[in-house]
Amino acid sequence: MAKVTIEDGYRPSEDEPFMNERQREYFRRKLLSWKSEILREAQDTLSALQSENENHPDLADRASSETDRSIELRARDRQRKLTSKIDAALARLEDGSYGFCEETGEPISLKRLDARPIATLSLEAQERHERRERVYRDD
């Protein structure tokens with residue numbers, strides 16, 4: 001298969017066929033770049049946690065440090081879950097299902113995919129899903 005070239009500044013457009021090779025390559029690169037950034041941040045966090053000296057004689061300083069560490073680790077856990085979603089999106093790109101709503105099978109808008117490349121539902125389906133969640137949560 002020939003390698004698709006994407007020129008700088010390319011943005012997917014409604015004027016071209018949905019999920020053509022250029023669009024798939026655009027989203028593949030966007031997802032890989034995002035994942036790489038997350039992994040780099042995780043490595044920075046790990047390095048900082050390993051090098052941090054936890055010898056705080058003051059109880060308040062120790063508590064503050066532990067709170068900061070806890071917040072950072074929770075954020076990293078969310079990032080870890082996000083990398084799983086990125087991997088799932090990359091797999092959908094490979095199998096041809098990327099960009100299509102899991103609920104309706106309709107194309108997800110390019111604007112939504114550009115803003116949230118891991119989206120699996122169209123905006124309408126996502127809104128329905130969130131409304132159902134609110135109804136059940138209020139019970």
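Is Glu103 buried, partly exposed or exposed? Glu103 turns out to be partly exposed, with a relative accessible area of 39%. Keep in mind that what you're looking at is a predicted model.

So what does Glu103 do with its side chain? Glu103 forms a salt bridge with Arg132, and their closest N and O atoms are 3.6 Å apart. Arg132 lies in helix H4 while Glu103 sits in the loop between H2 and helix H3, so this pair ties together parts that are 29 residues apart in sequence. Arg132 is partly exposed too, at 37% relative accessibility.

The structure holds 10 salt bridges. Here are three of them:

| Pair | N to O distance | Relative accessibility |
|---|---|---|
| Glu25 and Arg29 | 2.9 Å | Glu25 9%, Arg29 38% |
| Asp77 and Lys81 | 3.5 Å | Asp77 30%, Lys81 45% |
| Glu103 and Arg132 | 3.6 Å | Glu103 39%, Arg132 37% |

Glu25 and Arg29 both belong to helix H1, four residues apart, or about one turn. Asp77 and Lys81 are also about one helical turn apart, because they are four residues apart in helix H2. There's a network as well: salt bridges link Arg11, Lys30 and Asp114.

Now for helix H2 itself, which covers residues 59-95. Buried residues in H2 include Ser65, Arg76, Leu82 and Ile86.

Finally, back to charges: Glu124, Glu127, Glu130 and Glu133 form a negative surface patch. Glu127 lies in helix H4 and is partly exposed, at 39% relative accessible area.

Definitions and conventions: Residues numbered from 1 in each chain as written. Predicted model: local features only at pLDDT ≥ 70, side-chain atom pairs only at ≥ 80, totals over all residues. Heavy atoms only, no water. Helix = DSSP H or I, 4+ residues; strand = E, 2+ residues; numbered from the N terminus. Expected span 1.5 Å × (residues − 1). Buried < 20%, exposed > 50% of the residue type's maximum accessible area, 1.4 Å probe, protein only. Patch = residues over 30% accessible without salt bridge, like charges linked within 9 Å, V, L, I, M, F, W, Y side chains within 5 Å. Areas by Shrake-Rupley, 256 points an atom, 1.4 Å probe, with all protein chains shown as cover. Salt bridge = Lys/Arg side-chain N within 4 Å of Asp/Glu carboxyl O. Lys, Arg positive; Asp, Glu negative; His and termini not counted. Charge placed at Lys NZ, Arg CZ, Asp CG, Glu CD.
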